Amino acid sequence: MKKYTIIIFTLSILIAGCSKQHYSLNRHVSSEYQSLSVPDKQLADTLIKRVLDNEGLYTVISSLKPMSSASDLVLKIAQPDTAVAGVAKVTDVESPDYLKLERYQKVINALQFGDLKFIMLPFKMQSKGERILQINIYRQSLVDSLLTANAAFYGQFGYVPGASGQFVINTTEYEHKYDRFRSYGYLFGYPDHAVEFFVAASISNDKTGEFVKRDFYQIPVFSGTTGHFVYALSKGEKPTKVDELTKARAEYALLKYQNLRKKYLREDGTLRAYDLMLALLNDAGKK
């Protein structure tokens with residue numbers, strides 16, 4: 001199935017906007033958002049804004065990216081590097097950082113939109129008692145497509161279509177680095193040739209100690225034209241039709257977003273991000 005990855009990836013882009021199942025929103029939106037406090041609703045809006053103004057937009061409405069990152073938290077909750085392994089009491093559950101973690105988890109739990117889900121991913125690495133947690137958004141139906149297109153890869157971990165996207169993402173973070181790189185490449189929506197290049201370059205770098213030169217393919221988002229949705233290509237490689245299609249689809253979605261976003265600005269310039277998210281999903285569901 002591996003050789004069909006690009007074909008399935010491209011087809012998923014073309015048909016995603018036509019599937020109401022992906023965006024069957026009204027009956028799935030969690031009522032937990034309405035029960036949040038005003039400060040927590042403001043935090044929720046901040047997280048949604050970071051998704052929509054950056055590459056997460058292409059997970060929300062264009063289906064270019066099965067998964068996108070929204071924000072990072074750095075919390076002093078981990079076992080310090082010098083601590084003796086095996087101890088049970090590591091984190092101070094009364095600390096501001098632990099309480100902040102609880103608050104973010106509560107807000108993230110309230111941001112579930114049926115097929116579209118927010119999660120918080122703890123990174124494997126920690127330093128001096130600090131652990132980074134990444135807030136991500138993923139679309140379950142697109143994760144299923146990846147598991148189908150790359151069955152020979154994901155099967156080794158015990159994952160088939162229907163497996164929870166959150167489990168797939170967590171397993172990715174804790175796997176061997178080459179498998180980690182490959183899986184993240186698929187999840188972040190990078191074309192097959194870009195994933196293959198990045199994995200091969202990493203293996204080569206480890207063997208030779210020499211950095212493999214590369215170029216970067218940039219796809220614009222609302223907050224900027226570079227440094228967001230970007231992936232590496234071999235040095236001097238010309239963009240393929242898949243690269244160009246990906247950019248064209250992204251630019252089309254971005255234009256629609258820019259036009260709709262203006263309608264959800266308050267008088268003070270702040271964004272009604274939650275309402276905008278619902279509008280985007282409902283609009284996509286009508287097609």
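Author: Nine bridges join strand E3 (residues 116-127) to strand E4 (residues 130-139), and the two run antiparallel. Strands pair if DSSP finds at least two bridges between them; strands (E, at least two residues) and helices (H or I, at least four) are DSSP runs, numbered from the N terminus. Within this pairing, Gln-126 stands opposite Arg-131 of E4. The model is predicted: local features need pLDDT of at least 70, side-chain atom pairs count only at pLDDT 80 or more, and totals for chains, interfaces and linings use all residues. Residues are numbered from 1 along each chain as its sequence is written, and side-chain values use heavy atoms, without hydrogens and water.

Reader: In what order do the four strands form the open sheet?

Author: Strands of a sheet pair through backbone hydrogen bonds, either parallel or antiparallel. Here the order is E1-E4-E3-E2, with antiparallel pairing. Strand E1 (67-75) and strand E2 (112-113) are the edge strands, each pairing on one side only.

Reader: Which strands does helix H7 touch?

Author: Contact means heavy atoms within 4.5 Å. Helix H7 (residues 165-174) packs on the sheet and touches E1, E3 and E4.

Reader: Why is helix H5 described as largely enclosed?

Author: A residue is buried under 20% relative accessible area, exposed over 50%, and partly exposed in between (1.4 Å probe, protein chains only). Seven of the ten residues of H5 (residues 140-149) are buried, so the rest of the structure largely encloses this helix. Among the buried residues are Leu-142, Val-143 and Leu-146.

Note on methods. Axes are lines fitted to C-alpha atoms, for helices over the stretch in contact, and angles run from 0 to 180 degrees between N-to-C directions.
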